[in-house]
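Good morning, colleagues. Please look at the sequence and the structure as they come up, and I shall then take you through several parts of them in turn.

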Amino acid sequence: MIANIPFLAVMAMIIIGLATVVFKRNLIKMVIGVSIIESGVNLFLITLGYREHSVAPIYTASPGGIMSYPVPQALTLTSIVIGVAVLALMLSLVIYIYRHYKTLDIRKLGGGEE
Amino acid sequence: MMSKIVKTIAGISFPFITIYGLYVIAHGHLTPGGGFQGGAIVASGLILLLVAYGTDWIIEKIKESHLSILESLGALGFIGVAFLGLIFGGMFFTNFIAGTSMLFGGIPTSTAANINTGGTLPLMNFAVGLKVIAGLFAIVLVMAYAISKEEGE
Amino acid sequence: MEGRMLVAAGSLTIVSIFLIFGALLIHPFGVPNAYKMDQYIIDHTQNESGANNGVTAVVFDYRGFDTLGEATVLFTAVAGVILVFRRVKKE
């Protein structure tokens, strides 16, 4: 159990992001929560591919020894770029919503009262 | 529009940031980095210019339609290299240059770095780097231009 | 509004319990289970793709289709951002 502390840290990061998305009422803060979840998922992928006492899978000036797995790191690269794309699209939609409704509070969106 | 100090420092540091990003792109198959990372570095240098000099100064120099053309060129180059693999190697994304005597065709020794290796990887790195530079800068440029125009009204 | 907050808190608690038990039951840190594909890539990346960087070899050579989809996602995001702001600019 003590060896799983990195996984517990990753899950704590994902839970913090989920709580931000669920409980905050500001759209900008919800976008920040989604970004925190993405960071947690990236960290999870990196943590999955690590081997004990391993170096990065790059042969240039490598100190030798076993190498950590390259496929999760490549998937993390994909995930980071997709995160940037999704973040840009979310922020532009938030700007569009702010122009239309003149507010960022999600309780006041939609025009009707609960 | 920022103060004169910010403009001067941005103008001085922009060439260094660009050269470093192009180095990361060109050495993507040897050292940590690649097309995406180097493209992000160059795009952040361009965004530094955008923040320092203001949107109107940038929009006179380059339009977002030009950036869209550049991004499409990057994507077409990437897919084109992949289709060359289909023609010469038999499969999509085949690394048909590695192991031959063409440019970038060498095989590296165990730990020594050699820029003339990698097969199709450097070509794809350049294409993806062009695509990421144009794409990220187009996103920030369009958002900054829309917001500055709204504040000006 | 109070009931909705209670439901949200309950679902978040359930999801958190699943995540924490998943973190405790996964393989120990530093000892991954599946290794054959990654070990093959580490052993053969210099001979097959001619690159010293294993991650770049995976991104552009072994898993090129992944990168193709990623490039498509980036292209779509740029197109979406320009689409959202162009309608406002013409007013």
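Predicted model: local features only at pLDDT ≥ 70, side-chain atom pairs only at ≥ 80, totals over all residues.

The largest cavity is lined by A74(A), L75(A) and T78(A) on the side of chain A, and by V58(C), V59(C), R63(C), D66(C) and T67(C) on the side of chain C. The elements that each contribute two or more residues to this lining are α3 (70-101) of chain A, and α3 (54-62) and α4 (64-89) of chain C. Helices here are DSSP runs of H or I with at least four residues, and strands are runs of E with at least two, numbered from the N terminus. The largest share of the lining, three residues, is that of α3(A).

Residues are numbered from 1 along each chain as its sequence is written, chains are lettered from A and ligands numbered from 1 in the order in which they are written, and side-chain values use heavy atoms, with hydrogens and water left out.

A cavity is a set of points, on a 1 Å grid over the protein atoms alone, where a 1.4 Å probe fits but cannot get out; lining residues have an atom within 4 Å of a point. The volume is the space filled by probe spheres set on the points, which are joined across faces, edges and corners. The structure holds one cavity of 30 Å³ or more, and the volume of the largest cavity is about 30 Å³.

Let me turn to the interface of chains A and C. How many residues does the contact take from each chain? It takes 47 from chain A and 46 from chain C, where contact means heavy atoms within 4.5 Å. About 4,200 Å² is buried between chain A and chain C, with 75% given by carbon and sulfur atoms. In chain A, the residues that lose the most area to chain C are Y59(A), Y69(A) and V71(A), together 14% of what that side buries. Buried area is the accessible area, taken with a 1.4 Å probe, that two parts lose on being put together, summed over both.

In α1(C), the buried residues are A8(C), L12(C), S16(C) and A23(C), and they pack against α1 of chain A.

Chain B also meets chain A: 14 residues of chain B are in contact with 13 of chain A. Together they bury about 1,000 Å², 70% of it on carbon and sulfur atoms. F36(B), T111(B) and M143(B) supply 37% of the area that chain B buries against chain A.

Leaving aside residues up to four places away in sequence, V132(B) touches G35(B), F36(B), G39(B), A40(B) and L74(C).

Notes
1 Å grid on protein atoms, 1.4 Å probe; cavity = no way out; pocket = protein on both sides within 12 Å on 5 of 7 lines; lining within 4 Å. Buried < 20%, exposed > 50% of the residue type's maximum accessible area, 1.4 Å probe, protein only.
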